[in-house]
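Shall we go through them together?

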Amino acid sequence: MSTIGYQSWAVDLAEVGAIYPFQGHEVLMTVFGVVFWLGWHWLQFHNENEELKENSKSVTNSKTIS
Amino acid sequence: MDGNLNALTTIFTEFYYWVTVVFMFLIHVGFCLYEVSASRRKNHMHTLMKNLMIIPLVTVTFFFFGWWIYWAFPDFPFFGGLNLAASSANTPWSDTMGTNLNDHITGVFWAAFLLFSWTAASIVSGSVIERIRSSAFWIHAILIGSVFWVIDAAWGWHYAGWMVRELGYHDAYASGVIHAIAGGYALGVLTVLGPRIGKFDENGAPRDIPPHNPWLLTIGIFMIYTGFWGFYAACNVPIISPEIIDGQIIGTTWTATNIYLSPTSLSAITFNFLMSLSGGLMAAYIVSKGDAFWTFSGGLAGIITASAGNDLYHPMQAMLIGAIGVVFAYKLHHWVERKFKIDDAVGAVAVHGYSGFIGLVISGFVLWGSPSSPFEGYQTINPIGQLAGAIIMFGLLGFLPAYIVARIQSSLGVLRIPKSVELSGLDFLDDELYQKSRAEIIAAEEKELDR
């Protein structure tokens with residue numbers, strides 16, 4: 001058993017194509033990738049809102065970083 | 001890879017594009033230095049993170065759909081449907097978009113285009129610093145980096161793009177397809193975003209908001225120059241035979257080509273890169289009266305202006321065209337700033353947008369009647385085609401979508417940071433934590449000394 005489809009390199013390289021693991025599941029891997037990407041945006045947007053609210057509460061008009 | 005010559009050509013081409021990608025990484029390093037240095041100390045860490053996160057966000061979206069758009073859109077939607085045959089090998093689930101011993105080119109070619117995508121997004125990033133919400137900007141970064149510039153590349157920077165075929169559009173080193181579109185996009189966002197607090201006085205006159213680190217800012221532009229070498233090389237096909245091109249070229253002489261598969265050479269573009277850089281620097285030094293920021297930016301603007309035709313120009317032409325572009329961009333920047341109260345923090349609209357636009361127009365006259373392609377039936381290069389191309393790049397694919405999306409974000413209240421945060425600085429909370437930690441460590445050290 002091999003996740004990349006080859007257990008040894010005793011092959012003619014002219015006949016070798018893809019050698020990444022889990023060939024045939026590319027669409028599923030893409031779905032996981034897109035979920036990860038969109039989830040990141042959702043989390044970041046939520047965290048940024050919290051940070052901006054906290055920042056607004058903390059500051060006074062006279063306080064800035066010089 | 002049957003045969004030694006074929007193997008050598010393939011591996012050379014793979015390595016060639018790989019080297020360009022490494023060089024182009026320096027563009028992003030330069031943009032980060034430039035942008036962070038231009039910001040005030042109260043904002044510089046957020047400014048850095050805003051630019052840094054372009055890298056992953058544009059990379060993954062360019063993998064998901066940007067690369068597919070390039071291959072699917074050359075005729076779409078005006079002259080045909082999506083090219084599903086060519087694009088099918090460039091979907092994220094294609095077996096050539098991964099480790100594949102039968103394909104040595106897709107990964108490095110994809111990456112070369114991707115680094116252009118980062119550049120397009122980075123150009124916009126600098127202009128909007130110190131008041132845009134990072135989440136809002138990153139949507140724009142994805143749109144310019146993985147959607148709109150890729151559409152313009154499919155139309156006007158592809159050997160079979162409709163703008164090349166129907167308009168004779170010629171833009172060898174991306175005056176329009178990267179710079180004019182990114183400048184136009186930045187202007188679209190800026191128009192809605194508004195200026196930083198204090199940028200304009202009661203009479204509407206602009207104030208200078210000095211960079212917190214002027215010399216590091218100029219080193220950033222130096223770094224962009226360096227990366228620009230990789231950008232230029234990446235715009236070429238390093239070596240190809242007329243048989244593979246399969247166009248009108250006769251004989252068996254192999255050549256380097258531009259992206260349209262029309263012949264040029266690395267030597268030619270090396271001449272013209274340096275001469276247009278020099279023309280830009282010299283003109284900018286004079287017109288800005290020796291201002292360091294504008295002189296360095298002028299070098300960049302000189303290259304950008306001449307880039308459309310730098311595959312064919314004589315070095316003298318490249319130098320003079322670079323100089324003309326800088327004067328045009330500098331004057332227009334200050335006029336637009338005063339007239340429309342546009343606060344472009346790093347002059348990106350001028351350096352990239354106006355220079356790119358005027359560079360396309362000039363090339364239409366200088367290269368009038370020259371072939372835009374090695375293939376039969378293509379319109380030759382002409383002023384009308386180049387002007388139309390400049391309007392499409394700057395206006396239709398740059399300014400317009402940016403303006404619409406920014407208006408939507410603004411109406412939802414998610415475009416700009418709150419006024420109190422803008423006044424105190426985006427890094428206010430981080431600075432409080434920093435000062436607190438610093439005080440605790442100093443107190444602990446003093447306690448240790450007292451023992």
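The questions and answers below set values against definitions.

This is a predicted model, where local features need pLDDT of at least 70, side-chain atom pairs count only at pLDDT 80 or more, and totals for chains, interfaces and linings use all residues. Residues are numbered from 1 along each chain as its sequence is written, while chains are lettered from A and ligands numbered from 1 in the order in which they are written.

Q: How do you know what confidence the predictor has in chain B?
A: Look at pLDDT, the predictor's confidence in each residue, from 0 to 100. Chain B has a mean pLDDT of 96, and 100% of its residues reach 70 or more. For the model, ipTM is 0.93 and pTM is 0.96.

Q: Why are α3(B) and α6(B) called roughly parallel?
A: Helix α3 (residues 54–72) and helix α6 (residues 134–156) of chain B have axes that come within 9 Å and cross at roughly 30 degrees. Axes are lines fitted to C-alpha atoms, for helices over the stretch in contact, with angles from 0 to 180 degrees between N-to-C directions. Angles under 35 degrees count as roughly parallel, over 145 as roughly antiparallel, 65 to 115 as roughly perpendicular and the rest as oblique. α3(B) and α6(B) are therefore roughly parallel. The helices themselves are DSSP runs (H or I, at least four residues), numbered from the N terminus.

Q: What makes up the contact of α3(B) with α6(B), by class?
A: It has 15 nonpolar, 4 polar and no charged residues. Here Ala, Val, Leu, Ile, Met, Phe, Trp, Tyr, Cys and Pro count as nonpolar, Asp, Glu, Lys and Arg as charged, and the others, Gly among them, as polar.

Q: Why is α1(B) called roughly antiparallel to α9(B)?
A: Helix α1 (residues 4–38) and helix α9 (residues 214–234) of chain B pack at about 155 degrees, with their axes 7 Å apart. That angle makes α1(B) roughly antiparallel to α9(B). Their contact divides into 22 nonpolar, 7 polar and no charged residues.

Q: What makes α1(A) roughly perpendicular to α17(B)?
A: Helix α1 (residues 26–58) of chain A packs against helix α17 (residues 428–450) of chain B at an angle of about 65 degrees, with the axes 9 Å apart. This makes the pair roughly perpendicular. A:E51, A:E54, A:N55 and A:S58 meet B:F428, B:L429 and B:E432, giving 2 nonpolar, 2 polar and 3 charged residues.

Q: How many residues does each chain bring to the contact between A and B?
A: Chain A gives 27 residues and chain B gives 27; two residues are in contact if their C-beta atoms, placed from the backbone, lie within 7 Å. The chain A side divides into 12 nonpolar, 10 polar and 5 charged.

Q: Why point out B:P77 and B:A174?
A: Because most residues other than glycine have a negative phi, and most peptide bonds are trans. A cis peptide bond joins B:F76 and B:P77, with omega about 5 degrees; B:P77 lies in the loop between α3 and α4 (84–87) of chain B. B:A174 has a positive phi of about 75 degrees although it is not a glycine, and it sits in the loop between α7 (162–167) and α8 (175–193) of chain B.

Key. Helix = DSSP H or I, 4+ residues; strand = E, 2+ residues; numbered from the N terminus.
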